[in-house]
Amino acid sequence: MQTSTERGAWGSRLGFILAAAGSAVGLGNIWGFPTQVGQGGGAAFVLLYLGCVFFICAPIMIAELVIGRRAQKDPVTAFKVIRPGTPWWLTGMLGVLAGVGILSFYSVIAGWTIAYVWFAATGAPGTGDATSAFFGNFVGNGTTSFGLTVVVLIATALIILGGVRAGIERATKIMMPALFVLLILLAIRAVTLPGADAGLAYYLRPDMSKIWDINVVNAALGQAFFSLSLGMGAMITYGSYLSRGTSIGSAAAWVVVLDTSVALLAGFIIFPAGFSIAGFDPSGGGPGLIFTVLPRLFDSLPGGHLFGAAFFTLLTVAALTSTISLLEVPVAHLIDARGWTRKRAVWVVTGLTAALAIPSALSNGASATLSALPGVGMSFLDLMATIWNEMALPIGGFLIAVFVGWVWRVPDALVELNAEGARMPFAGLWSFLIRYVCPAAILLIIVFKVRALLG
Ligand code: PHE
């Protein structure tokens, strides 16, 4: 394993699983998943999402990790190491760009969660109002929104610069289980609220006509990639710090199961709690869904302030363990491929990301044009999320599947997967999925989506 000063390595198998799960579990699960379910019409979206997770994304998770461990390099260099002299490194470059693109809007939302720690702790009046005016006013303030975005980006940069890193890994060991327990408690409270049944039905009883809506299918695919941190080389990068002899197959299984359980749990909180509010429209909340529903849930609990503050604190930590993996991809690239120092790489990428974050931070009411882009019909932030999550990540995943299945090829990948006595479980099934199912399914979805767009 590489031990140069600028590259690192995981201390243990558990350390790796926690870091990878830390990357995966974040705003994508607790903010993104319920928002997408709401926009995708409920249970049909959930079914499609689960299909994408298990048949398309899980095999790609293994593919990314094995590329990273084999090459021990950043995503761009990794493709060059395995297939020198071919243009496959462009796949890694797409990932580097996606890292910056996703971080630029992700940090805006992570900034909101920081503010909500404060609102919950101090019991800011009106957070739980039915009209969501409080949320609208808050995000409509561009200076606050961007200020908090910068706080998130600087915190991320400082963690990545080292020192605090070990601390974060140690903290994650306590915070992640704590988040999980809190989610279970909140779900129990939510499903016992009056009116919760309608929410459960919405969440669990699929309207089969929606299953064939290409926009919903594409959104489910994009959400699955986003939630699992796939398609942009985050897992190639994390895999590059992984030692031989660790079973990639079982590590990947843990990450997928943990990530999916957290997303499903979030749905068991938001929909029952939402539907217990009269006149609730799950698709109407947009990016504000959790920020308006959750404070009302906390209001219904004894000691709700404390629950609320604890919840948003844990969510902020979960978001930070994701932002560090987003920043790590471009940073690792500049270190490995360009020979930059870690410090220079971190601050340059952070500065660029902050600049790119400005329009997203202003697109929630502060600027009318950015909040509803003319001719696009969505906000700049939503447009960024759509481009990166629904297009760039699935395309990246498609290329990774084709690369491992047909270019590097499964037998060679299996040599790495089975290195030093590790045994890849279900190797035959994985081979089938990565060679045929992943590329074909993603390609079909993209083609139909583009056809629908051209309309
Ligand atoms: N998976 C993270 C989340 O769900 C977001 C993320 C996407 C992180 C891509 C890294 C890479 O919040």
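These entries record what I looked up on one helix pair and on the ligand.

I noted that the model is predicted, that local features need pLDDT of at least 70 and side-chain atom pairs pLDDT 80 or more, while totals for chains, interfaces and linings use all residues. Residues are numbered from 1 along each chain as its sequence is written, and side-chain values use heavy atoms, without hydrogens and water.

**Helix pair.** I looked up helix α3 (residues 43–71) and helix α12 (residues 248–275), whose axes come within 10 Å and cross at roughly 145 degrees; helices are DSSP runs (H or I, at least four residues), and angles run from 0 to 180 degrees between N-to-C directions of lines fitted to C-alpha atoms over the stretch in contact. The residues of this contact (heavy atoms within 4.5 Å) divide into 16 nonpolar, two polar and two charged.

**Ligand.** I found 14 residues around the ligand (a heavy atom within 4 Å), of which Ala24, Gly28, Tyr106, Phe226 and Ser229 come nearest. A ligand oxygen atom lies 2.8 Å from a polar backbone atom of Ala24, and an oxygen atom of the ligand is likewise 2.8 Å from a polar backbone atom of Gly28.

Notes: Helix = DSSP H or I, 4+ residues; strand = E, 2+ residues; numbered from the N terminus. Nonpolar A, V, L, I, M, F, W, Y, C, P; charged D, E, K, R; others polar. Polar contact = N/O pair within 3.5 Å; in protein donor to acceptor, adjacent residues only side chain to side chain.
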